[in-house]
Amino acid sequence: MRLHRNLCFAVIDGLHKIFNENEYADKVVQQLLRRDKRWGSRDRGFIAETVYEIVRYKRLYSEIADVKEPFDRDNLWRIFAVWATLKGIKLPDWKYFTDTPSRKIKGRFDELSKIRKYRESIPDWIDELGLNELGEAEWTKEIEKQNEQADVILRVNTLKTNKKDLQLKLQSEDIETEFLPDHPSALKLKERANVFKTEAFKNGWFEVQDASSQLVADFLDVKPGMKVVDVCAGAGGKTLHLAALMENKGQVIAMDIYESKLKKLKIRARRNGVHNIEMKVIDSTKPIKKLYGKADRLLIDAPCSGLGVLRRNPDAKWKLEPEFIENIKKTQSEVLEQYSKMVKSGGKMVYATCSVLPSENQEQVEKFLTSEAGKEFNLIKDKKILAHKSGFDGFYMALLEKK
């Protein structure tokens with residue numbers, strides 16, 4: 001592989017924004033890819049994958065390069081040189097790479113790879129947290145899997161098409177997919193591609209949604225004609241799935257504290273041909289109280305640490321703080337306590353997170369069941385998904401029924 005100067009500069013600029021200006025990796029990569037219209041898919045692939053790989057292994061690479069944050073541009077070039085050397089890429093004779101100690105880099109890599117927190121490139125406190133909650137063997141496998149690039153998974157929009165027809169349509173646009181067992185609406189891309197440019201996407205035939213995430217709406221056991229509330233709807237991936245499972249019949253109330261996210265959902269719903277969604281911003285306790293005892297089904301896709309989706313958001317490792325985890329657990333308890341009151345007698349709710357930590361998952365549900373509001377519920381079943389076992393995102397979901 002030959003390194004091209006303009007692509008490498010784009011990578012360095014991106015790393016500077018992510019590491020030093022605290023910007024989100026996915027947003028930065030999107031901006032970078034719009035920089036030069038002449039870049040082909042290989043160039044764009046190089047930029048995106050290199051940025052993500054270096055973000056993933058920031059701790060390991062910076063340790064080998066012997067540089068400390070905040071990284072100046074020379075530091076970033078040194079980190080880049082470490083990445084390229086370990087990939088077996090020949091470094092051009094640019095000034096940034098003079099005196100790169102290739103042999104020393106490989107030796108240091110071998111040495112540090114024996115220590116999990118360096119090998120998997122995670123802060124000490126996250127390593128300790130995972131170790132305490134999942135145990136040595138489980139945590140070691142899970143955090144290793146969380147450093148792999150995630151597959152691109154599509155969820156077929158059954159309001160407009162079926163899996164087979166979607167597969168054929170994408171094939172006609174040179175995108176090969178395969179079915180996934182145990183995931184009724186999922187197609188997995190055989191190779192990465194920009195699916196958002198396809199005719200099928202523009203026609204609302206699918207959404208991009210991880211296989212684990214697709215299990216949540218199914219878990220809620222919805223039927224056409226029900227009144228279903230999704231209280232942490234965000235941009236609405238699971239909301240749209242619920243609407244499809246309900247065949248556009250009945251009512252889905254999508255709620256969120258961020259109006260901007262619900263606006264995105266509105267656009268997606270239009271493309272998906274979904275017309276049974278009503279959107280409500282949670283700007284006070286009033287919209288919640290109005291729905292007390294009214295919902296046949298309730299989905300609480302709770303805010304969480306996101307430690308089950310590090311493959312998609314590798315920069316989250318560097319943005320998370322120990323205090324955030326403690327605060328988010330309090331929020332999860334409050335959300336369960338408050339929002340569960342919307343479920344009518346005989347109705348059901350799902351509590352879900354994209355975390356692998358028992359303290360955000362099973363323990364939250366156990367704690368809720370002993371609380372005043374929780375005494376009215378029974379746990380029907382729960383599901384814990386670890387990335388190293390499933391090959392997909394780490395997730396948790398619990399189905400509870402109101403007496």
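## Interface of domain 2 and domain 3

The rule finds two salt bridges across the interface of domain 2 and domain 3. The model is a predicted one, and the chain in it is divided into domain 1 (5-114), domain 2 (153-208) and domain 3 (212-402). The contact takes in 18 residues of domain 2 and 17 residues of domain 3.

Across the interface of domain 2 and domain 3, the rule finds two salt bridges. The model is predicted, and its chain is divided into domain 1 (5-114), domain 2 (153-208) and domain 3 (212-402). Domain 2 gives 18 residues to the contact and domain 3 gives 17 residues.

On the domain 2 side, R155, L159 and E207 supply 45% of the area buried against domain 3, more than any other three residues. E207 also takes part in a salt bridge with the side chain of R271, at 2.7 Å from N to O.

## Salt bridges

Side chains of opposite charge can pair when their charged atoms come close. By the rule used here, the count comes to 33 salt bridges. One of these pairs is D151 with K188, whose closest N and O atoms are 3.8 Å apart. D151 sits in the loop between α9 (136-145) and β1 (153-156), while K188 is in strand β3 (residues 186-189), so the pair ties together parts that are 37 residues apart in sequence.

## Second largest pocket

Rolling a probe the size of a water molecule over the atoms shows where empty space is left. The second largest pocket holds about 330 Å³ of space. This pocket is lined by 19 residues, and those closest to its centre are A65, R78, D99, T100 and P101.

Three helices, α4 (58-65), α5 (73-86) and α6 (102-112), each supply at least two residues of the lining of this pocket. Of the contributors, α5 gives the most, with five residues. Sorted by class, the lining of the second largest pocket has nine nonpolar, eight charged and two polar residues.

## Surroundings of E138

E138 is a residue of helix α9. Once its neighbours within four places in sequence are left aside, E138 is in contact with L386, H388 and K389. D182 is 44 residues from E138 in sequence, and their C-alpha atoms are 23 Å apart in space.

## Backbone details in two loops

The loop between α4 and α5 contains P70. A cis peptide bond joins E69 to P70, with omega at about -10°.

D174 is placed in the loop between α10 (163-172) and β2 (177-179). The phi angle of D174 is near 65°, which is a positive value in a residue other than glycine.

Technical notes
Residues are numbered from 1 along each chain as its sequence is written. This is a predicted model: local features need pLDDT of at least 70, side-chain atom pairs count only at pLDDT 80 or more; totals for chains, interfaces and linings use all residues. Side-chain values use heavy atoms; hydrogens and water are left out. On a 1 Å grid over the protein atoms alone, a cavity is a set of points where a 1.4 Å probe fits but cannot get out, and a pocket is an open set with protein on both sides within 12 Å along at least five of seven lines; lining residues have an atom within 4 Å of a point. Grid points are joined across faces, edges and corners, and a volume is the space filled by probe spheres set on the points. Helices (H or I, at least four residues) and strands (E, at least two) are DSSP runs, numbered from the N terminus. Ala, Val, Leu, Ile, Met, Phe, Trp, Tyr, Cys and Pro count as nonpolar, Asp, Glu, Lys and Arg as charged, and the others, Gly among them, as polar. Domain bounds come from an automatic or database domain assignment. Contact means heavy atoms within 4.5 Å. Buried area is the accessible area (1.4 Å probe) that two parts lose on being put together, summed over both. A salt bridge is a side-chain nitrogen of Lys or Arg within 4 Å of a carboxyl oxygen of Asp or Glu.
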